[in-house]
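Dear colleague,

I am passing on the structure below, followed by notes on what was found in it. Please read them with the structure open beside you.

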Amino acid sequence: MIRTQERRAFRKLLSCLLIAGIPLVSHADDAPLFVPQWLGAQYTFVDQNQSRVHSPYRGPLSLNPNGSTARSHTFGAYFGVALPWHFQYYFDVEMFKGEGVSNATGLGGLTNGDIIRSGVASLGKRPYVARNYVRWVLPLGDQTTSLERGQDQLPGSEAIEHIEVKVGFMAVNDDFDKNRYANSTRTQFMNWSLWNNTTWDFAADTRGYTDGVMVGWMMPGWALRYGIYRMPVEANGQALVKSLSASSGQQLELTLQPQPDGWALRFLGFYNKGNLGIYQQAIDIAAMTGQPPDIHADDAPGRHKFGFGINGELPVADNGDTGFFMRAGWNDGHTESFIFAEVDRLLSGGFQLSGTHWNRPDDRLGVGIAIDGLSRVHAQYLEMGGDGFLLGDGTLRYGPEQIAEVYYNIAVIDHLSISPDLQFIRDPGYNRDRGPARFAGLRAHVQF
């Protein structure tokens with residue numbers, strides 16, 4: 001059950017929506033233009049325990065060697081409005097409470113994807129706007145497909161061949177690096193390196209949102225998307241830059257999917273320009289001063305970071321509810337990890353198995369593994385005692401971070417699922433002197 005303070009928090013969230021003048025009612029699929037539609041609401045609770053960790057030394061951002069227990073709560077309400085000339089408007093409000101184990105630091109692949117790094121930046125616990133954008137669709141053909149009501153999706157029909165434009169405040173990973181089997185931290189894998197490509201340092205504020213433009217060209221069998229977004233002023237910062245010309249995050253993704261419910265491959269490239277530090281320069285300064293390197297002191301505008309990713313899904317049975325997934329990612333690793341995670345190399349994969357095989361058709365079992373790595377100069381920076389925004393053991397004996405996760409998502413009743421979750425991480429934070437670390441979690445998710 002939701003405790004008293006969570007009930008009060010949710011009432012506060014709803015009160016803010018009412019003050020904003022947004023009706024909390026759902027309308028029929030044929031609702032007239034300009035009438036707001038309630039598209040969904042959700043609440044997710046995660047209780048996670050980290051085991052004691054072998055730790056011969058400790059830095060400011062290390063995993064807690066004595067273990068850690070933490071709980072997180074996220075609330076969300078999602079709305080949309082149909083407008084003339086194929087325009088749509090979406091407005092989402094969310095609220096976060098709680099924290100991650102070890103204050104959500106000490107790992108490349110953090111273990112709770114719902115914590116949105118709030119534990120690092122000490123954000124307030126008040127409701128906030130998560131998305132506020134306009135979407136425009138230009139039909140290119142007569143063939144249509146039906147869309148059901150969903151988060152940021154108005155019900156109705158839409159041309160299969162179309163141009164799509166989104167402008168406003170949004171989450172970059174709503175449109176890029178999606179995967180049928182490893183995409184939602186609230187119902188699938190919780191480790192960051194399994195539900196997203198952690199080498200992709202996509203533009204976002206601390207909570208994961210930013211202003212920008214996305215343009216997509218959707219055709220049968222393939223899709224091409226491009227997006228440009230505002231970067232944060234500083235690493236893991238909440239404030240965003242004012243000018244895209246001075247600092248921006250750009251990405252281009254090609255999706256190949258010959259059949260709508262068949263296999264898919266996505267090829268992603270990104271290029272960031274911003275106020276970034278360079279690891280080698282921070283190391284050189286440290287060698288001259290005799291002090292630990294500090295990448296944050298080396299921040300300067302106009303520097304860049306780029307990388308690539310591939311993302312695949314392969315349905316094999318049960319109308320696609322059973323299938324395999326994989327991701328691989330690389331970034332140049334010479335400028336600092338600035339936004340998402342401290343990962344420069346990634347290889348991950350796994351499978352989802354439908355509960356149909358044991359007469360639980362709405363249940364899902366997921367098993368995944370991930371290997372995170374750092375560039376040579378990034379590892380050297382940490383070995384010399386440097387800190388990032390998630391990592392900092394004081395020193396380091398480098399080794400790739402190896403992650404395994406298994407979850408079982410139980411459909412208890414309509415709209416409610418509960419998921420036990422286990423994770424095992426060898427060489428946490430890329431440190432062969434530390435760990436292994438074990439994490440046991442329980443997730444409850446309510447969605448309407």
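In helix H5 (residues 376–383), the buried residues are Val377, His378, Ala379, Tyr381 and Leu382, where buried means under 20% relative accessible area with a 1.4 Å probe and protein chains only. Helices and strands here are DSSP runs numbered from the N terminus, with at least four residues of H or I for a helix and at least two of E for a strand. This is a predicted model, in which local features need pLDDT of at least 70 and side-chain atom pairs count only at pLDDT 80 or more, while totals for chains, interfaces and linings use all residues. Residues are numbered from 1 along each chain as its sequence is written, and side-chain values use heavy atoms, with hydrogens and water left out.

The buried residues of H5 pack against helix H4 (279–289), contact being taken as heavy atoms within 4.5 Å. After H5 comes Gly385, whose phi is positive, near 100 degrees.

Aromatic rings

Rings of Phe, Tyr and Trp (its six-membered ring) are paired if their centres lie within 6.5 Å, and planes under 30 degrees apart count as stacked, over 60 as edge-to-face and the rest as tilted. By this rule there are 20 aromatic pairs. In one of them, the ring centres of Trp195 and Phe340 are 6.0 Å apart and the planes stand at 75 degrees, so the pair is edge-to-face. Because Trp195 lies in helix H3 (residues 192–195) and Phe340 in the loop between strand S13 (322–331) and strand S14 (345–354), the pair ties together parts that are 145 residues apart in sequence.

Ser417

Ser417 is found in strand S17 (residues 416–426) and counts as buried because its relative accessibility is 9%. The side chains of Ser417 and Asn409 are joined by a polar contact of 3.4 Å, that is, a pair of N or O atoms within 3.5 Å, of which, within protein, one must be able to donate a hydrogen and the other to accept it, and residues adjacent in sequence count only if both atoms are side-chain atoms. Leaving aside residues up to four places away in sequence, Ser417 touches Asn409, Ile410, Val412, Arg443, Ala444 and His445.

How values were computed. Buried < 20%, exposed > 50% of the residue type's maximum accessible area, 1.4 Å probe, protein only.
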